[in-house]
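Q: Could you walk me through how to read a fold like this one? I'd like the general idea each time, then the case at hand.

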Amino acid sequence: MPSPILPISSNPSSSASAATTLVKAKIDADPSATILISSKFDPEKAIPITPVLPRASSYNSTSNVNNNIVSFANNHQQRFLRTSSDSSLALLADETPRQSISREVGHVAAETFYLSGLCLKLLSYLGVGYRWITRFLALGCYAMLLMPVAFYYFFSRQVRRSIIYGEKPRNRLDLYLPKTSQGTKPVVAFITGGAWIIGYKAWGSLLGQQLSERDIIVACIDYRNFPQGTISDMVEDASQGISFICNNISEYGGDPNRIYLMGQSAGAHIAACTLVNQAIKETGEGDSVSWSVSQIKAYLGLSGGIVPAFSYSIMEGEDSLHQFSPEILVQDSNVKPAVSLLPPVILFHGTADYSIPADASQNFADTLRRVGGKAESILYDGKTHTDLFLQDPMRGGRDEMFEDVVAIIHGEDEAALAKDAVAPPRRRLVPEFMLKLAHDVSPF
């Protein structure tokens with residue numbers, strides 16, 4: 001959402017960006033059932049402050065505001081437990097329609113309570129002033145307009161919700177599986193946005209639904225948000241989720257040799273930090289790793305690339321910002337060997353994005369190329385922060401950014417490309433007037 005921002009760019013020349021940027025025209029069954037249990041948690045366990053990268057010595061994580069927020073988070077923390085796949089399948093087979101609906105309604109109610117807590121947490125952190133109250137109301141209105149997406153998430157049997165990938169709070173992921181099970185499928189490991197405060201795996205449900213219709217498995221990784229954790233914890237969670245996918249996705253029909261990492265907004269920043277950090281680990285001596293950047297075919301960043309000024313506590317202090325700014329980090333001479341390990345980086349951005357300006361993606365791509373990486377930025381004329389991720393996909397028809405992503409994932413699969421060429425236009429999910437209203441009230 002709009003706020004003062006601190007660019008992480010080293011201000012490369014505008015001429016370089018212009019020469020390397022492509023500007024596109026504007027074109028208008030659940031075998032792992034879950035049990036949700038509300039309980040309190042131990043803050044000492046929930047917020048282990050062990051950074052993935054070394055923290056600056058001047059970092060101070062103590063403030064009255066943060067303590068109040070941690071107290072709020074403690075009271076609203078949700079814990080998810082997943083039954084085993086085999087027993088879940090047996091339960092589903094024995095369920096009557098009434099039992100199935102009852103279970104799903106219970107799940108919806110628990111998720112709604114949890115998401116309301118996330119929104120209130122964001123509001124309490126930003127302060128209860130007139131500006132933020134109106135933003136909060138706008139966010140609620142915006143969410144109501146886009147509710148059709150929620151039905152698919154809660155009731156589709158192609159979605160495997162809350163698969164456990166680690167032992168920390170929020171270490172869960174959702175899998176979106178294609179209806180056809182023939183052959184192994186390419187995989188997208190997706191990290192959702194949410195200003196580092198309200199990120200949640202369900203935010204990727206629309207992307208998961210639409211990519212799965214093109215025979216692509218999508219894994220939406222949940223992670224600890226602030227104040228439950230800081231950026232080190234978010235990167236740690238993302239890395240563990242990616243590790244789970246790399247080592248287990250074949251059990252769900254995924255191809256472990258065709259995994260793509262993708263992030264949106266704050267999720268794009270977390271994903272980039274995770275990827276660069278993993279490459280640094282792999283160039284070190286004696287560092288044990290559970291997955292490798294060589295397993296990632298490409299990194300796809302959507303509307304990401306900067307760190308907002310209000311997030312000093314999230315980023316572990318002003319002096320630590322450079323450690324969690326991938327664009328600055330890759331320019332460190334000690335990191336140069338790690339840059340050579342990175343997969344191709346493709347960054348997508350709308351030119352009308354005022355939450356995170358498109359310059360962020362352009363500058364990051366320029367910097368990566370300058371230090372020897374493989375990167376490009378693709379801009380979409382007139383698109384806002386949420387147009388590319390929400391409004392355009394819900395509009396139906398041909399979505400240019402979506403087609404670009406699918407073309408990259410299916411780039412080496414001639415049969416899949418042939419199917420994509422004759423794929424029917426996607427159906428519209430909501431009327432146009434609702435999308436225009438959502439565009440107008442969006443707080444992002």
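Q: How many helices and strands are there in the protein chain?

A: The protein chain has 17 helices and 13 strands. Helices (H or I, at least four residues) and strands (E, at least two) are DSSP runs, numbered from the N terminus. A caveat before we go on: this is a predicted model, where local features need pLDDT of at least 70 and side-chain atom pairs count only at pLDDT 80 or more, while totals for chains, interfaces and linings use all residues. Residues are numbered from 1 along each chain as its sequence is written, and side-chain values use heavy atoms, with hydrogens and water left out.

Q: What share of the 444 residues counts as buried?

A: Buried means under 20% relative accessible area (1.4 Å probe, protein chains only). By that cut-off, 57% of the 444 residues are buried.

Q: Which residues touch the most other members of the largest nonpolar core?

A: In soluble globular proteins, nonpolar side chains tend to be buried together. A nonpolar core is a set of buried Ala, Val, Leu, Ile, Met, Phe, Trp, Tyr and Cys residues joined through side-chain atoms within 4.5 Å. Here the largest has 57 residues, and I245, L261 and Y299 touch the most other members. Helix α10 (residues 266-283) gives the most to this core, with nine residues. Apart from it lies another core of 36 residues, including Y176, V218, Y380 and F402.

Q: What does Y299 touch, leaving out residues up to four places away in sequence?

A: Contact means heavy atoms within 4.5 Å. On that basis, the partners of Y299 include L261, A268, A271, L275, P343 and I346.

Q: Why is strand β8 described as largely enclosed?

A: Five of the five residues of β8 (residues 217-221) are buried, so the rest of the structure largely encloses this strand. I217, A219 and I221 point one way from β8, V218 and C220 the other way, and all are buried.

Q: Which way does strand β6 run against β8, parallel or antiparallel?

A: Two strands pair if DSSP finds at least two bridges between them. Strand β6 (residues 172-176) is joined to β8 by four bridges, and they run antiparallel; D174 stands opposite C220. Strand β7 (residues 185-191), in contrast, pairs with β8 in the parallel sense over five bridges.

Q: And helix α14, why does that count as largely enclosed?

A: Nine of the nine residues of α14 (residues 387-395) are buried, so the rest of the structure largely encloses this helix. Among them are D387, Q391, D392 and R395. After α14 comes G396, with a positive phi near 80°.

Technical notes
Buried < 20%, exposed > 50% of the residue type's maximum accessible area, 1.4 Å probe, protein only.
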